Amino acid sequence: MKTASVFETKTNLSRYIAAILDKSEPYVVIVKNGKPVARLVPFETGAENRIGAGKDIIPKLGSLDEFNAIDTEIENDFWGNGGVL
């Protein structure tokens, strides 16, 4: 973890971003008057970073056909008998 003043951050922003991207630093804490005010962290994208209660329960679906197959399976479990009353 690197700590840098606001002035140092403005001067060396490109260097800090490069360090975060190559993972030599997990993040940079920016301080003003000796107190932490911000954290420079890598931006994370993608479904693997989803948050929530169902992130490990609800499957990631690649197509609408996959969704329909799961929907039919749930309907069968709920109604039994293939969804027929």
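The model is predicted: local features need pLDDT of at least 70, side-chain atom pairs count only at pLDDT 80 or more, and totals for chains, interfaces and linings use all residues. Residues are numbered from 1 along each chain as its sequence is written, and side-chain values use heavy atoms, with hydrogens and water left out.

**Overall architecture**

The protein contains two helices and three strands, which follow one another from the N terminus as β-α-β-β-α. Helices (H or I, at least four residues) and strands (E, at least two) are DSSP runs, numbered from the N terminus. Of the 85 residues, 13% are buried, where buried means under 20% relative accessible area, exposed over 50%, and partly exposed in between (1.4 Å probe, protein chains only). The protein exposes about 7100 Å², of which carbon and sulfur atoms supply 58%; accessible areas come from the Shrake-Rupley method with a 1.4 Å probe, and for residues only the protein chains shown count as cover. Among contacts (heavy atoms within 4.5 Å) with a separation of 6 or more, 33% link residues 24 or more positions apart.

**The sheet**

The three strands form an open sheet with mixed pairing, in the order β1-β2-β3. β1 and β3 are the edge strands, each pairing on one side only. Neighbouring strands are turned by 35° against each other on average, direction ignored. Two strands pair if DSSP finds at least two bridges between them. The two pairings are set out below.

| Strand pair | Direction | Bridges | Opposite residues |
|---|---|---|---|
| β1 and β2 | parallel | four | K2 and V28 |
| β2 and β3 | antiparallel | five | V29 and R39 |

β2 and β3 form a hairpin with two residues between them, and N33 in the turn has a positive phi of about 55°. β2 is mostly covered, as four of its five residues are buried. The chain passes from β1 through α1 to β2 in a right-handed β-α-β crossover; right-handed means that, with the strands pointing away from the viewer, the path from the first strand over the helix to the second runs clockwise.

**Helix α1**

Helix α1 spans residues 6–21 and has a kink of about 80° centred on N12. The bend at a residue is the angle between axes fitted to the seven residues ending there and the seven starting there. N12 is also one of the buried residues of α1, together with T9, Y16, A19 and I20. The cover over these buried residues includes β1 (2–5), β2 (28–32) and β3 (35–40). After α1 comes K23, with a positive phi near 65°.

**Residue I20**

I20 lies in helix α1. Is I20 buried or exposed? I20 is buried, because its relative accessible area is 6%. Leaving aside neighbours within four places in sequence, I20 is in contact with E25, P26, Y27, V28, L40, V41 and P42. One of these contacts, V28, is the residue that K2 stands opposite in β2. The C-alpha atoms of I20 and M1 are 9.8 Å apart in space, although the two residues are 19 residues apart in sequence.

Notes
Axes are lines fitted to C-alpha atoms, for helices over the stretch in contact, and angles run from 0 to 180 degrees between N-to-C directions.
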